[in-house]
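Biologist: I would like to learn how to read the side chains of a protein model, one feature at a time. Could we go through it together, with the general idea coming before the case?

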Amino acid sequence: MNSGDSDMRGQSVPKYLVIQLARFGDLLQTKRLLRSLQLGGEVHLLVDSSLKALADIVYPGTQVHGIAAHGTHGPDILAQVHEDLGGVMELDFHRVYNLNFSGPSFALAGMFSCSAVRGYRWHHGQRLVDSWPDQVMRWTRARALTGLNLIDVWGLYAEQPVLPELVNPDAAPRGGGIGVVMAGQNARRSLPAGILAPLVQAAFGRVGRGPIYLLGAGGERRAAKELAALLPAMLRGEVRDLVGRTGWQELHDTVSGLDLVISPDTGTMHLAAHLGVPVLAFFLSSAWCHETGPYGRGHLVLQATQECAPCLETASCPHGISCRRVFGDPSVLRHVSGHTTRELAPGCAIMASGFDELGLTFTAVAGTDPAAARRKAFRAMAAAYAGVRMPDSAEFLPEEDWMRERDWMLPQTLRGRAHD
């Protein structure tokens with residue numbers, strides 16, 4: 001084969017670049033988009049350098065590039081970014097998917113042809129937001145009534161998204177015990193040791209075997225010791241404290257062999273779902289399972305459902321974070337231990353994961369989800385906007401203001417392709 005044939009062959013395969021400069025969990029939640037793009041071309045992924053090793057592990061077949069997006073400051077950052085981007089800018093991308101609303105992401109988007117960029121673009125000094133992410137952000141003003149899983153929000157950027165049930169494997173126990181993630185990124189979304197310990201004990205009764213691996217960053221070592229001390233004596237010998245002691249490969253290997261991962265809304269929770277390990281998550285404060293719950297069949301979320309949920313975690317809580325207390329209620333603990341009943345303490349629902357044509361869903365299997373009917377109507381409307389057929393969709397609710405008249409005018413309905 002001569003060099004000309006080689007060049008023609010290279011040009012026949014489109015190249016895609018996905019810019020994902022957010023954190024651990026967001027990297028895992030990019031999976032549906034990446035899998036969709038891999039079906040039609042060569043996929044490149046640009047991440048913060050601290051996540052490059054993890055991206056290489058979880059996304060084989062994707063060309064991963066690292067950039068100094070977080071934790072690098074001072075006058076040397078421009079030179080470092082220029083060096084990091086050297087190999088990326090030499091490639092001719094058919095499409096660039098810019099997923100983050102941030103200054104660095106907009107700046108990066110400006111380095112590519114505006115017509116090739118999807119999501120957040122930069123054109124002649126202006127920040128431009130495509131219709132799909134703009135619409136999704138508008139819907140978040142009524143979070144309790146709406147909610148698209150973030151994996152689906154990003155996955156639907158693709159021209160031909162893979163079916164949602166093909167993204168992650170169905171969850172199944174692996175025989176290696178329980179993993180307990182000590183805390184989420186925000187303290188409001190985590191549980192103190194006094195509430196978490198009974199949940200762990202109940203889950204151990206459900207699984208029936210250990211060890212109990214404690215997982216988290218180095219700053220959570222004190223919380224891990226407090227949790228271990230509060231467990232019954234018969235369980236303390238099962239504890240394996242790995243907090244602050246695992247790199248990306250060690251964390252991946254540990255989680256891959258577990259029967260269950262107990263976690264708030266964290267990157268480790270998404271890693272478990274990615275691997276097909278069952279998740280028992282507790283969501284409170286700003287965490288909302290319809291938006292960022294574990295993706296795949298076979299997961300459960302203990303969802304706080306007070307009238308104020310989901311809240312804004314950056315604002316002070318006038319109720320003293322009362323949503324935490326429901327996770328220690330005996331009815332919740334009985335359900336976690338496997339004694340399932342429909343009755344549950346007010347303010348909490350047990351939500352089971354599943355799918356519709358649009359993507360991931362959560363349905364109450366204990367307690368109540370008062371917005372279930374309106375959320376079904378929302379998903380029917382969102383699917384129509386996204387161009388996804390839902391044969392069994394609900395009727396739209398005419399009194400809702402989720403959409404504006406101009407939203408239905410072409411080309412606004414083409415998931416962020418209004419500039420084509």
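Modeller: Gladly, and please keep in mind throughout that this is a predicted model. Let us begin with a charged side chain and a ring: Arg127 lies over the face of Phe101, at 5.9 Å from the ring centre.

Biologist: And when two rings meet each other, how is such a pair described? How many aromatic pairs does a search of the whole structure find?

Modeller: In general, a pair of aromatic rings is described by two values, the distance of the centres and the angle of the planes. In this structure the search finds 13 aromatic pairs. One of them joins Trp132 and Tyr385, which are stacked, with 6.1 Å from centre to centre and 20° between the planes. Trp132 belongs to helix 8 (residues 131-139) and Tyr385 to helix 17 (residues 372-386), so this pair ties together parts that are 253 residues apart in sequence.

Biologist: Are Trp132 and Tyr385 buried or exposed?

Modeller: Both Trp132 and Tyr385 are buried. Tyr385 also forms an aromatic pair with Trp139, and this one is edge-to-face, with 6.0 Å between the centres and 80° between the planes. Since Trp139 lies in helix 8 and Tyr385 in helix 17, the pair ties together parts that are 246 residues apart in sequence. Trp139 is buried, as is Tyr385. One aromatic cluster is formed by Trp132, Trp139, Phe378 and Tyr385.

Biologist: How should I read a nonpolar core, and which residues of the largest one touch the most other members?

Modeller: The general idea is that, in soluble globular proteins, nonpolar side chains tend to be buried together. Here the largest nonpolar core has 69 residues, and Trp132 and Trp139 touch the most other members. Helix 17 supplies the largest share of this core, 6 residues. If we leave aside neighbours within four places in sequence, Trp139 is in contact with several residues, including Thr146, Leu148, Met381, Trp402 and Met403. Another core, of 43 residues, lies apart from the largest one, and among its members are Ala203, Leu227, Ile262 and Val326.

Biologist: My last topic is the cysteines: how many disulfides are counted?

Modeller: A disulfide is, in general, a covalent bond between the sulfur atoms of two cysteines. In this model the count comes to 0 disulfides. As for where cysteines sit, Cys114 counts as buried at 15% relative accessibility, and Cys348 is buried with a relative accessible area of 2%, because buried means under 20%.

Conventions: Residues numbered from 1 in each chain as written. Predicted model: local features only at pLDDT ≥ 70, side-chain atom pairs only at ≥ 80, totals over all residues. Heavy atoms only, no water. Phe/Tyr/Trp six-rings, centres within 6.5 Å; stacked < 30°, edge-to-face > 60°. Helix = DSSP H or I, 4+ residues; strand = E, 2+ residues; numbered from the N terminus. Buried < 20%, exposed > 50% of the residue type's maximum accessible area, 1.4 Å probe, protein only. Lys NZ or Arg CZ within 6 Å of the ring centre and 35° of its normal. Core = buried A, V, L, I, M, F, W, Y, C linked by side-chain atoms within 4.5 Å. Contact = heavy atoms within 4.5 Å. Disulfide = S-S within 2.5 Å.
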